[in-house]
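Please walk me through the local geometry of this model.

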Amino acid sequence: MSPTREPGALQPGDLVVARNRKWNGKAHWVVPGQYLGEDIHGWWVFQGAQEFCSRPGAAFYTASDAILLVPRTGEYVATFYDDSYPGDFRIYVDLATDHGWNTIRAGVTEFHMIDMDLDVIRSVDHGVFVDDQDEFEEHRTTMDYPAGVVESVRKECDRLFEAVRDKQAPFDGTDAEWFRKGRA
């Protein structure tokens, strides 16, 4: 069965493994989590502290809890951090395309996406900014991003920058209730 934009019959507590790759098909991050539920924004996944995350050439155990939002629409995923996170980020939005859910078996689902390099970040010390513009420009050429994809990603990045900066939903504290559910 091929992946679909909407998940199948996910149940709260199901394992969701986020598998990210780059445009050229190379593996990127693999991050496990626990499905919490859905709302008008999309599907919410709790990524607890001490989970093992990896990508080629890097691996670590997470230092704190995080919440992943896979949106119903849009070319991104968003990871939310609260004050327990030892780093500077509070919101980390990965521009991403080709969202797909693939049920492995009852209770286990993979979420796939292509990471498009650009990130919109809300930082405690630096406010809201766009990161990895240099990586996007490099990969645009070396991975031969189609012109239409480049234009779409740039427009989505601008829209998300404004949404995060202006604290528009779901970047308005909506994640707090999902943190509560994940920690319950």
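## Basis of the report

Helices (H or I, at least four residues) and strands (E, at least two) are DSSP runs, numbered from the N terminus. This is a predicted model: local features need pLDDT of at least 70, side-chain atom pairs count only at pLDDT 80 or more, and totals for chains, interfaces and linings use all residues. Residues are numbered from 1 along each chain as its sequence is written, and side-chain values use heavy atoms, with hydrogens and water left out.

Most residues other than glycine have a negative phi, and most peptide bonds are trans. Asp 117 lies in strand β9 (residues 108-123). Its phi is positive, near 80°, and Asp 117 is not a glycine. Asp 117 counts as buried because its relative accessibility is 2%. Buried means under 20% relative accessible area, exposed over 50%, and partly exposed in between (1.4 Å probe, protein chains only).

Gln 50 is another non-glycine residue with a positive phi, about 70°. Gln 50 sits in the loop between β3 and β4. With 54% relative accessibility, Gln 50 counts as exposed.

Strand β4 (residues 52-55) pairs with strand β5 (residues 58-61) in the antiparallel sense, over four bridges. Two strands pair if DSSP finds at least two bridges between them. Ser 54 faces Ala 59 in β5 across the pair. Two residues separate the strands of this hairpin, and Gly 57 takes a positive phi near 90°.

## Packing of α1 and α2

Two packed helices are described by the angle between their axes and the distance between the axes. For helix α1 (residues 133-142) and helix α2 (residues 147-165), the axes come within 11 Å and cross at roughly 165°. Axes are lines fitted to C-alpha atoms, for helices over the stretch in contact, and angles run from 0 to 180 degrees between N-to-C directions. Angles under 35 degrees count as roughly parallel, over 145 as roughly antiparallel, 65 to 115 as roughly perpendicular and the rest as oblique. α1 and α2 are therefore roughly antiparallel to each other.

Which residues in α1 and α2 meet? Phe 136, Glu 137 and Arg 140 in α1 meet Val 150, Val 153 and Arg 154 in α2. Contact means heavy atoms within 4.5 Å. By class, the contact of α1 with α2 has three nonpolar, no polar and three charged residues. Ala, Val, Leu, Ile, Met, Phe, Trp, Tyr, Cys and Pro count as nonpolar, Asp, Glu, Lys and Arg as charged, and the others, Gly among them, as polar.

His 41 is in the loop between β2 (27-38) and β3 (42-47). His 41 counts as buried, at 18% relative accessibility. Leaving aside neighbours within four places in sequence, His 41 has contacts that include Leu 69, Arg 72, Ala 169 and Pro 170.

Ala 169 and Pro 170 are joined by a cis peptide bond, with omega about 10°. Pro 170 is placed in the loop between α2 and α3 (175-183).

## Gly 48 and Ser 64

Gly 48 belongs to the loop between β3 and β4. Gly 48 is buried, with a relative accessible area of 11%. Not counting residues up to four places away in sequence, Gly 48 touches Thr 62, Ser 64 and Asp 65.

Ser 64 lies in the loop between β5 and β6 (66-71). Ser 64 is buried too, with a relative accessible area of 7%. Ser 64 and Gly 87 are 23 residues apart in sequence and 9.6 Å apart in space, C-alpha to C-alpha.
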